[in-house]
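What does this chain look like when it is read from its fold, through its pockets, to single side chains? The text below takes those levels in turn.

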Amino acid sequence: ESRTSEAIQKLMELQPDTATVLELDEQRQVVGEQEVPLNLLQERDIVKVLPGTKIPCDGQVVTGESSVDESMLTGESMPVTKQVGSKVVGGTLNQTGL
């Protein structure tokens, strides 16, 4: 049980401290963005994740496509393709897409 707690703690340490939250208008067009601490994220926030950065929180892809390095979770060295509707895990690495 302590090994599980230790693994979870290590995963949490891999997450960035902040996230870039997109501000949308009524037509769901981006009108701005704001860097916010992770503890201020809300369930329906839309978060921008740039290539080469870590995904700040668990979530679901709402636009775009990317390859994500999930090796820290799965041990698999091959990146996993993520597209609209795919689940993503905080602390994993966004490799190519926005």
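The paragraphs that follow treat the fold, the pockets, the salt bridges and a few individual residues.

This is a predicted model, in which local features need pLDDT of at least 70, side-chain atom pairs count only at pLDDT 80 or more, and totals for chains, interfaces and linings use all residues. Residues are numbered from 1 along each chain as its sequence is written, and side-chain values use heavy atoms, with hydrogens and water left out.

The protein chain has 2 helices and 8 strands; helices (H or I, at least four residues) and strands (E, at least two) are DSSP runs, numbered from the N terminus. Read from the N terminus on, the order of elements is α-β-β-β-β-β-α-β-β-β. Of the 98 residues of the protein chain, 24% count as buried, where buried means under 20% relative accessible area, exposed over 50%, and partly exposed in between (1.4 Å probe, protein chains only). Contact means heavy atoms within 4.5 Å. Among contacts between residues at least 6 apart in sequence, 52% join residues at least 24 apart.

Pockets come next. The search uses a 1 Å grid over the protein atoms alone: a cavity is a set of points where a 1.4 Å probe fits but cannot get out, and a pocket is an open set with protein on both sides within 12 Å along at least five of seven lines; lining residues have an atom within 4 Å of a point. Grid points are joined across faces, edges and corners, and a volume is the space filled by probe spheres set on the points.

The largest pocket has a volume of about 930 Å³. Its lining comprises 33 residues, and Ile46, Val47, Gln60, Val61 and Val62 lie nearest its centre. At least two lining residues come from each of strands S1 (18–24), S2 (30–37), S3 (47–48), S4 (59–60) and S5 (66–69). By class, the lining of the largest pocket holds 16 nonpolar, 8 polar and 9 charged residues; Ala, Val, Leu, Ile, Met, Phe, Trp, Tyr, Cys and Pro count as nonpolar, Asp, Glu, Lys and Arg as charged, and the others, Gly among them, as polar.

For the second largest pocket, the volume is about 160 Å³. Residues that line the second largest pocket include Pro16, Thr18, Glu33, Lys48, Val49 and Leu50. S1 and S2 are the elements that give two or more residues to this lining, and S1 gives the most, with 3 residues. The lining of the second largest pocket divides into 5 nonpolar, 3 polar and 4 charged residues.

Side chains of opposite charge can pair when their charged atoms come close. How many salt bridges does a search of the whole structure find? There are 2 salt bridges, a salt bridge being a side-chain nitrogen of Lys or Arg within 4 Å of a carboxyl oxygen of Asp or Glu. One joins Lys48 to Glu33, with the closest N and O atoms 2.8 Å apart. This pair links distant parts of the chain, as Lys48 is in strand S3 and Glu33 is in strand S2, 15 residues apart. Lys48 counts as partly exposed because its relative accessibility is 25%, and Glu33 counts as partly exposed at 45%.

Glu70 and Lys82 form a salt bridge with an N to O distance of 2.9 Å. Here too distant parts of the chain are linked: Glu70 is in the loop between S5 and helix H2 (71–74), and Lys82 is in strand S6 (residues 80–82), 12 residues apart. Are these two residues buried or exposed? Both Glu70 and Lys82 are buried.

Lys82 has a relative accessible area of 10%, so it counts as buried. Beyond its neighbours within four places in sequence, Lys82 is in contact with Val61, Gly64, Glu65, Ser66, Val68, Glu70, Lys87 and Val88. Lys82 and Ser66 are 16 residues apart in sequence, and their C-alpha atoms are 5.2 Å apart in space. The side chain of Lys82 also reaches the backbone oxygen of Lys87 at 2.8 Å.

Asn94 is in strand S8 (residues 93–94) and is buried, with a relative accessible area of 4%. A polar atom of the Asn94 side chain lies 3.0 Å from the backbone oxygen of Val49. Leaving aside neighbours within four places in sequence, the contacts of Asn94 include Val49, Leu50, Ser66 and Val68.

Arg28 lies in the loop between S1 and S2. Its relative accessible area is 57%, so Arg28 counts as exposed. The phi of Arg28 is near 65°, a positive value in a residue other than glycine.

How values were computed:
Polar contact = N/O pair within 3.5 Å; in protein donor to acceptor, adjacent residues only side chain to side chain.
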